[in-house]
Amino acid sequence: MSMSATAVAHPNIAFIKYWGNKDQKLRIPMNGSISMTLEGLETRTKVAFYPEMERDQLTIQGKPIYGEGLERVSRFLERVRRWSGNSEYARVTSQSNFPMGSGIASSASAFAALSLAASTAAGLSFTERELSRLARTGSGSASRSIPGGFVEWQAGTEHENSYAFSIAGPEHWELVDLVVVISTQPKETGSTEGHKLAPTSPLQDARVSDASRRLNLCRSAILERDFEALARIVEQDSNMMHAVMMTSQPPLFYWRPATVRMIRIVKKWRKKGLPVCSTIDAGPNVHVICLQEHSKTLKKRLLDIPDVEDVYTTYPGGGAYLLCRSSSGESEG
Ligand code: DP6
């Protein structure tokens with residue numbers, strides 16, 4: 001009998017970033033991080049185990065995937081097989097409603113949805129904490145896409161104590177993340193390679209040893225809904241991560257001229273009294289964080305800026321959830 005399950009997860013935007021691992025294989029991060037789970041963007045993944053298959057199969061956006069992409073998913077499924085005692089191979093089908101590999105953390109929603117779908121189809125019934133740990137082993141930021149709302153990933157020291165949890169629900173604060181797409185071209189250096197380079201920057205130690213200060217400021221700003229305090233720490237944290245990236249060996253430059261232009265425009269708007277700030281992941285695109293009451297006007301203004309290809313409006317969203325499961329493998333999802 002084959003088993004299948006379909007799950008949905010959202011990406012997340014880190015306010016305090018994860019960059020560099022203490023344990024690269026298990027993805028135990030050098031520092032804790034804080035993020036917001038993003039409703040409006042999502043990945044839907046179906047996993048079906050079949051006794052007659054000879055290897056795992058992966059389809060993303062309707063295209064069969066081979067090579068490193070498939071191997072990463074296969075390594076992940078190996079863990080699920082080991083933990084569940086189910087040795088069957090799986091067919092994985094994944095669909096996202098946003099471009100992959102462009103600095104909008106597609107690996108976060110992808111591995112969060114995969115964790116829930118694969119563990120369920122394998123007959124495991126994991127708690128949120130267990131799912132977050134499992135998702136972390138596939139992609140670090142995916143640990144933060146299991147819980148909903150405002151989420152903290154405690155770095156921990158080993159597999160057991162490195163997981164994410166919600167510090168406030170999605171309804172806590174009406175923030176909006178306007179994802180400003182400057183380029184959808186795949187990045188030159190993926191996050192996994194980038195994390196390995198982090199220790200080669202002399203600035204990484206300073207960034208890591210200052211992390212608890214930034215985490216405390218960010219957590220309080222969220223709990224107190226203090227936008228100005230949030231803006232200051234979010235921008236500083238993003239700049240500190242990019243300073244590490246730019247000074248690692250070899251150096252990583254994810255910013256484009258349009259990225260810098262956006263940073264400056266957002267700063268100018270805030271100086272004029274508008275609650276708005278920016279943060280950037282491992283790519284050229286800029287996440288513009290604002291309050292819901294200003295999001296429509298800001299989106300219009302952003303679309304008028306040269307080189308802005310698109311703007312996605314996203315809100316604090318819920319955690320990963322199961323759409324359906326079946327024990328025949330015939331259900332559609
Ligand atoms: C810059 O989670 O994508 O977005 O664990 O290798 O999959 P892997 O890396 P990933 O790294 C995310 C880096 C970041 C910052 C963040 O989201 O915290």
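Trainee: Is phenylalanine 227 buried or exposed in this model?

Mentor: The model is predicted. Buried means under 20% relative accessible area. Phenylalanine 227 has 8% relative accessibility, and it therefore counts as buried.

Trainee: Which residue forms an aromatic pair with phenylalanine 227?

Mentor: A pair of aromatic rings is described by the distance of the centres and the angle of the planes. Here the centres lie 6.3 Å apart and the planes make 75 degrees, which is edge-to-face. The partner of phenylalanine 227 is tryptophan 173.

Trainee: How many residues apart in sequence are the parts that tryptophan 173 and phenylalanine 227 tie together?

Mentor: Tryptophan 173 is itself buried, at 6% relative accessibility. Its place is the loop between strand S11 (163–168) and strand S12 (175–181), whereas phenylalanine 227 belongs to helix H7 (residues 227–246). The pair therefore ties together parts whose separation in sequence is 54 residues.

Trainee: How many aromatic pairs are there by this rule?

Mentor: Rings pair if their centres lie within 6.5 Å. By this rule the count is five.

Trainee: What is the geometry of the aromatic pair of tyrosine 18 and tryptophan 153?

Mentor: The ring centres of tyrosine 18 and tryptophan 153 are 4.8 Å apart, with 65 degrees between the planes. Planes over 60 degrees apart count as edge-to-face. The geometry of this pair is accordingly edge-to-face.

Trainee: Why does the pair of tyrosine 18 and tryptophan 153 tie together parts that are apart in sequence?

Mentor: Both residues are buried, tyrosine 18 at 8% relative accessibility and tryptophan 153 at 0%. Tyrosine 18 lies in the loop between strand S2 (12–16) and strand S3 (21–23), while tryptophan 153 lies in strand S10 (residues 150–154), so the parts joined are 135 residues apart in sequence.

Trainee: Which residue lies over the face of tryptophan 269?

Mentor: A charge sits over a ring if, among other conditions, NZ of Lys or CZ of Arg is within 6 Å of the ring centre. Over the face of tryptophan 269, at 5.0 Å from the ring centre, lies arginine 301.

Trainee: Which residue does a cis peptide bond join to proline 250?

Mentor: Most peptide bonds are trans. Proline 250 is placed in the loop between H7 and helix H8 (257–271). Its cis bond has an omega of about 0 degrees, and the residue joined to proline 250 is glutamine 249.

Trainee: What is the phi of arginine 225?

Mentor: Most residues other than glycine have a negative phi. Arginine 225, in the loop between helix H6 (211–223) and H7, is partly exposed, with a relative accessible area of 46%. Its phi is positive, near 50 degrees.

Trainee: Where is aspartate 307?

Mentor: Aspartate 307 also has a positive phi, near 75 degrees. Its place is the loop between helix H9 (292–303) and strand S15 (310–316).

Trainee: Which residues are the closest to the centre of the second largest pocket?

Mentor: The second largest pocket has a volume of about 200 Å³. It is lined by 14 residues, and the closest to its centre are Lys187, Glu188, Thr189, Phe253 and Tyr254.

Trainee: How many nonpolar residues are in the lining of the second largest pocket?

Mentor: By class, the lining of this pocket includes four polar and three charged residues. The number of nonpolar residues is seven.

Note on methods:
Residues numbered from 1 in each chain as written. Predicted model: local features only at pLDDT ≥ 70, side-chain atom pairs only at ≥ 80, totals over all residues. Heavy atoms only, no water. 1 Å grid on protein atoms, 1.4 Å probe; cavity = no way out; pocket = protein on both sides within 12 Å on 5 of 7 lines; lining within 4 Å. Points joined across faces, edges and corners; volume = space filled by probe spheres on them. Nonpolar A, V, L, I, M, F, W, Y, C, P; charged D, E, K, R; others polar. Phe/Tyr/Trp six-rings, centres within 6.5 Å; stacked < 30°, edge-to-face > 60°. Helix = DSSP H or I, 4+ residues; strand = E, 2+ residues; numbered from the N terminus. Buried < 20%, exposed > 50% of the residue type's maximum accessible area, 1.4 Å probe, protein only. Lys NZ or Arg CZ within 6 Å of the ring centre and 35° of its normal.
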